[in-house]
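We will go from stop to stop, picking residues and looking at what surrounds them.

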Amino acid sequence: MPAYPDRFYPVVDSVAWIERLAKLGVRTVQLRAKDLDATAANEIVRDALKAAEGTACEIVVNDYWQAAIAQGADHLHLGQEDIETADIPTIKKAGITLGISTHDHDELNIALRHKPDYVALGPIYETTLKKMRFAPQGYARITEWKKLIGKIPLVAIGGIKLEHAKDIFSAGADSIAVVSDVTLNQNPDQRVRDWLALTIA
């Protein structure tokens, strides 16, 4: 079984994207669909897990921890705002892995108290997909974070393109979460193949 999360870690907002990426051989995909009520969250998590059945793709549910537990998901990602309302002991008891977003030292300390399975750092570059109150982190922060968290996998996210990947891995990231470089690419399938060629040994 490949390491979790995989070195190439797309983040998408629909089941259709999950089906597409799973067929291409992507091994870790995060489902990040915002502002859903409980019923809709359960439906999309159920459908996402079903879409990945029979493939090597692991689905990471963003935010909707109750739906993740109810639908039997294996992996969860929480932002800092999500941690405040999530029942972490219940998540851990369900056997679900937990990744947590961080943007500064205070957030990293909060994340580490919950013993995450990975830590995400962002944004590495400017990102246009959502307004960020944090400046781009840069490569030096990747190296610093990796030293601070040790063996815990480090995921870099935010405005990252394929052309940046080698430098980001060299700086210390274990995994790169990718959004627009796939979903807004003119040829997403080829871009995914290029990412896989770079990241799968």
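Start by selecting D63, which is partly exposed because its relative accessible area is 21%. The terms used here have cut-offs: buried means under 20% relative accessible area, exposed over 50%, and partly exposed in between, with a 1.4 Å probe and protein chains only. D63 is found in the loop between strand 3 (58-62) and helix 3 (65-70). Helices (H or I, at least four residues) and strands (E, at least two) are DSSP runs, numbered from the N terminus. Now check the backbone: phi of D63 is near 80°, a positive value in a residue other than glycine. Most residues other than glycine have a negative phi, and most peptide bonds are trans.

Before moving on, note that this is a predicted model, in which local features need pLDDT of at least 70 and side-chain atom pairs count only at pLDDT 80 or more, while totals for chains, interfaces and linings use all residues. Residues are numbered from 1 along each chain as its sequence is written, and side-chain values use heavy atoms, with hydrogens and water left out.

Select D35, found in the loop between strand 2 (28-31) and helix 2 (38-52). D35 is not a glycine, yet its phi is positive, about 60°. Is D35 buried or exposed? With a relative accessible area of 77%, D35 is exposed.

Next, pick G122 and P123, which are joined by a cis peptide bond with omega of about -10°. P123 belongs to the loop between strand 6 (118-121) and helix 7 (138-149).

**The barrel**

Switch to a cartoon view. Eight strands close into a barrel in the order 1-2-3-4-5-6-7-8, and the pairing is parallel. On average, neighbouring strands of this sheet are turned by 25° against each other, direction ignored. Two strands pair if DSSP finds at least two bridges between them. For a close-up, colour strand 2 and strand 3, which pair in the parallel sense over four bridges. Here L31 stands opposite V61 in strand 3.

Now show the helices. Helix 1 (residues 15-24) packs on the sheet and touches strand 1, strand 2 and strand 3, and its direction makes about 155° with that of strand 1. Helix 2 packs on the sheet too, touching strand 2 and strand 3, with its direction at about 165° to that of strand 3. Axes are lines fitted to C-alpha atoms, for helices over the stretch in contact, and angles run from 0 to 180 degrees between N-to-C directions. Contact means heavy atoms within 4.5 Å.

**Aromatic rings**

How many aromatic pairs does a search of the whole structure find? It finds four aromatic pairs. Select F8 and W195: their ring centres are 5.1 Å apart and their planes at 10°, so the pair is stacked. F8 lies in strand 1 (residues 8-12) and W195 in helix 10 (residues 188-199), so the pair ties together parts that are 187 residues apart in sequence. Both F8 and W195 are buried.

Then go to Y125 and Y139, whose ring centres are 6.2 Å apart with planes at 85°, so this pair is edge-to-face. Y125 is in the loop between strand 6 and helix 7, and Y139 is in helix 7, so the pair ties together parts 14 residues apart in sequence. Y125 is partly exposed, at 22% relative accessible area, and Y139 is partly exposed at 30%. Rings of Phe, Tyr and Trp (its six-membered ring) pair if their centres lie within 6.5 Å; planes under 30 degrees apart count as stacked, over 60 as edge-to-face and the rest as tilted.

**Around W195**

The side chains of D181 and W195 make a polar contact at 2.9 Å. Such a contact is a pair of N or O atoms within 3.5 Å; within protein, one must be able to donate a hydrogen and the other to accept it, and residues adjacent in sequence count only if both atoms are side-chain atoms. D181 is buried, with a relative accessible area of 4%. Leaving aside neighbours within four places in sequence, D181 is in contact with I160, K161, L162, R191 and W195.

Finish at A165 in helix 8 (residues 165-171). A165 counts as buried, at 0% relative accessibility. Not counting residues up to four places away in sequence, A165 touches I176, W195 and L198.
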